[in-house]
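Q: Can we go through this structure together? I would like to start with the ring pairs.

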Amino acid sequence: TQSTWDPQPEHYRGNVSCTGVRSCYDEGKRSAETLFFDYHRQHGVEIKVMRIFNTYGPNMHPYDGRVVSNFIVQALQGQDITIYGDGSQTRSFCFADDLIEGMIRLMNSDPSFIGPVNIGNPGEFTIKELAELVIEMTGSSSKIVYLPLPNDDPLQRKPNIELAKEKLDWEPKIQLREGLAAAIEYFKKVDLASVRRPTSHTAHKNSADEQAKQTQ
């Protein structure tokens, strides 16, 4: 969710639209945490709650809709790189190997530590910087095109991982350029023609610009 904290700590309670285009995604995660803690309190179920920030790496689905896979697939195919908004919004990208190490450490931690705990890479990049880096590393001739920013799309996502450092002795080791190199090599080997594309949607059209057109 869009946070007024930078970086975002675990005690931040969120700023979510209950009816927006992203609400099923945002509220789904909040509901999951609620149910976990209810079962923990009422039935004594042992739980561990991890808040995962943007993650990427080999074996991602090429059409999963995530920004890293989108950009790499577009670049490898020589297509335009599509950025929603002006590209100044920021994200932090955690390589899958680092994330899994964090998961294992949380699962093996003392039963009294249940979380929630942030697991992510606090290195912060603009979406435009990511697009330019992918183009550079793939040697692509792709151009960057800008589309309207969807409503409720967070302008900043960066985890505070001090709790993970303290309780799990964990922090990410793999930086963005190294991780992208591994992801790009994976996608080069994927037969994209054999991969089923997802059902089309219009979520990306739910923007202030589109709404303004509808009211004219």
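A: Rings of Phe, Tyr and Trp (its six-membered ring) pair if their centres lie within 6.5 Å; planes under 30 degrees apart count as stacked, over 60 as edge-to-face, and the rest as tilted. The model is predicted, so local features need pLDDT of at least 70 and side-chain atom pairs pLDDT 80 or more, while totals for chains, interfaces and linings use all residues. Residues are numbered from 1 along each chain as its sequence is written, and side-chain values use heavy atoms, leaving out hydrogens and water.

Q: How many aromatic pairs does the structure hold?
A: There are two aromatic pairs. In one of them, Tyr-56 and Phe-95, the ring centres are 5.5 Å apart and the planes are at 70 degrees, so this pair is edge-to-face.

Q: Which strands do Tyr-56 and Phe-95 lie in?
A: Tyr-56 is in strand E2 (residues 55-56) and Phe-95 in strand E5 (residues 94-95), so the pair ties together parts 39 residues apart in sequence. Strands (E, at least two residues) and helices (H or I, at least four) are DSSP runs, numbered from the N terminus.

Q: Changing topic, how many salt bridges are there?
A: The count is 10 salt bridges, each being a side-chain nitrogen of Lys or Arg within 4 Å of a carboxyl oxygen of Asp or Glu. One of them joins Glu-33 and Arg-51, with the closest N and O atoms 2.7 Å apart. Glu-33 lies in helix H1 and Arg-51 in strand E1, so the bridge ties together parts 18 residues apart in sequence.

Q: And the loops: where is Asn-59?
A: Asn-59 sits in the loop between E2 and helix H2 (67-76). Its phi is positive, about 75 degrees, although Asn-59 is not a glycine.

Q: Why mention that?
A: Most residues other than glycine have a negative phi, and most peptide bonds are trans.

Q: Which residues does a cis peptide bond join?
A: Gly-115 and Pro-116 are joined by a cis peptide bond, with omega about 5 degrees. Pro-116 is in the loop between H3 and strand E6 (117-119).
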